[in-house]
Amino acid sequence: MLLFNPITSLSVPLTLSPKTHYSPSLSSLKNHPSFLTNKNHNPTRRKLLIVQAKGEDSADGPDRLISAICYFYPFFDGIQYGKYVITQFTPIQVLIQPLFPAIKVFKSFPLNGFLVFLTLYFVVVRNPNFSRYVRFNTMQAIVLDVLLIFPDLLERSFNPKEGLGLDLVMSFDSTVFLYLLVSLIYASSSCLFGQLPRLPIVAEAADRQVL
């Protein structure tokens, strides 16, 4: 096997006052204020509002595909954090080996990550022509990528070559990579099935950015 290192009714009852005399006709009953208030409790209207609210996050085929692809962006951008896991576990190598050509293209130019970020944010997230489903998932992928700043800063300021420090760095990098991998698998598969994935840490931040 060729191994590639990525680092290189409600019904309201009518309250009838005993002092009030009502006409037995239906028309007089309809004119009573307590009867009119029942219009606000129409169960059909409630169901319609619920369906419309759920429809905000519904998606058709193209929306699902676009949303699923967006989650490859943070994974490609943080693939270097898997340098220890990938070399030690063959199943993970086999799992991501089909992605190696795309990773090579993504890593071939240093500014590719920044260009993809600008494209996703301004062309997709800020574009009302896309559904909220697509814009939310895209923003969630962007926030996930932005969080990679912190492990990058840690590696730049703390880069031991051996001992306990190196073990800590290896564990931290492997944790970051596994989180990216699990997020990619969970979020992309959810999008393909038309579900709305909500990733820990980043979902609330994405909600605030998508109107």
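1. Of the 211 residues in the protein, 34% are buried. The model is a predicted one, and the points that follow should be read with that in mind. Its secondary structure consists of 13 helices and zero strands. Along the sequence the pattern is therefore written α-α-α-α-α-α-α-α-α-α-α-α-α.

2. Salt bridges. Side chains of opposite charge can pair when their charged atoms come close. A search of the whole structure gives five salt bridges. Among them are Lys 83 with Glu 155, Lys 83 with Asp 173, and Arg 198 with Asp 207.

3. Lys 83 and Glu 155. The side chains of these two residues form a salt bridge, with N to O at 3.5 Å. Lys 83 belongs to helix H6 (residues 83-88) and Glu 155 to helix H11 (residues 149-157), so the bridge ties together parts that are 72 residues apart in sequence. Lys 83 has a relative accessibility of 19% and counts as buried, because the cut-off for that class is under 20%. Glu 155, with a relative accessible area of 22%, is partly exposed.

4. Lys 83 and Asp 173. Lys 83 also forms a salt bridge with Asp 173, where the closest N and O atoms are 3.3 Å apart. This pair links distant parts of the chain: Asp 173 is in helix H12 (residues 163-192) and Lys 83 in helix H6, 90 residues apart. Asp 173 counts as buried, at 0% relative accessibility.

5. Arg 198 and Asp 207. In this salt bridge the closest N and O atoms are 2.6 Å apart. Arg 198 is partly exposed, at 39% relative accessibility. Asp 207 also counts as partly exposed, at 25%.

6. Helix H8 (residues 100-107). Which residues of this helix are buried? They are Phe 100, Ile 103 and Phe 106. Viewed down the axis of H8, these buried residues fall within an arc of 120°, so they line one face of the helix. An α-helix has 3.6 residues a turn, so residues three or four places apart point the same way. Pro 101 and Val 105 are exposed, on the other side of H8. The cover over the buried residues of H8 includes helix H5 (72-77), helix H7 (90-96) and helix H9 (112-125).

7. Ile 103. This residue of helix H8 is buried, with a relative accessible area of 0%. Not counting residues up to four places away in sequence, Ile 103 touches Phe 76 and Ile 79. The C-alpha atoms of Ile 103 and Phe 72 are separated by 9.6 Å, and the two residues are 31 residues apart along the chain.

8. Helices H4 and H12. The axes of helix H4 (residues 61-70) and H12 come within 8 Å and cross at roughly 175°. An angle over 145 degrees counts as roughly antiparallel, and H4 and H12 are therefore roughly antiparallel to each other. H4 makes the contact through Arg 64, Leu 65, Ser 67 and Ala 68, and H12 through Ser 188, Cys 191 and Leu 192. The residues of this contact divide into four nonpolar, two polar and one charged.

9. Helices H10 and H12. How do the axes of helix H10 (residues 132-146) and H12 cross, and within what distance do they come? They cross at roughly 175° and come within 12 Å. H10 and H12 are therefore roughly antiparallel to each other. On the H10 side the contact is made by Tyr 133, Asn 137 and Leu 144; on the H12 side it is made by Tyr 179, Leu 180, Ser 183, Ser 190 and Cys 191. By class, the residues of the contact of H10 with H12 are five nonpolar, three polar and no charged.

10. Ser 183. This residue is in helix H12 and is one of the residues that make the contact with H10. Is Ser 183 buried or exposed? Ser 183 is buried, with a relative accessible area of 4%. Leaving aside neighbours within four places in sequence, Ser 183 is in contact with Leu 144, Ser 188 and Leu 199. Of these, Leu 144 is among the H10 residues of the contact with H12, and Ser 188 is among the H12 residues of the contact with H4.

Note on methods: Residues numbered from 1 in each chain as written. Predicted model: local features only at pLDDT ≥ 70, side-chain atom pairs only at ≥ 80, totals over all residues. Heavy atoms only, no water. Salt bridge = Lys/Arg side-chain N within 4 Å of Asp/Glu carboxyl O. Helix = DSSP H or I, 4+ residues; strand = E, 2+ residues; numbered from the N terminus. Buried < 20%, exposed > 50% of the residue type's maximum accessible area, 1.4 Å probe, protein only. Arc of directions from axis to C-beta. Contact = heavy atoms within 4.5 Å. Axes fitted to C-alpha atoms, helices over the stretch in contact; angles between N-to-C directions. Parallel < 35°, antiparallel > 145°, perpendicular 65-115°, else oblique. Nonpolar A, V, L, I, M, F, W, Y, C, P; charged D, E, K, R; others polar.
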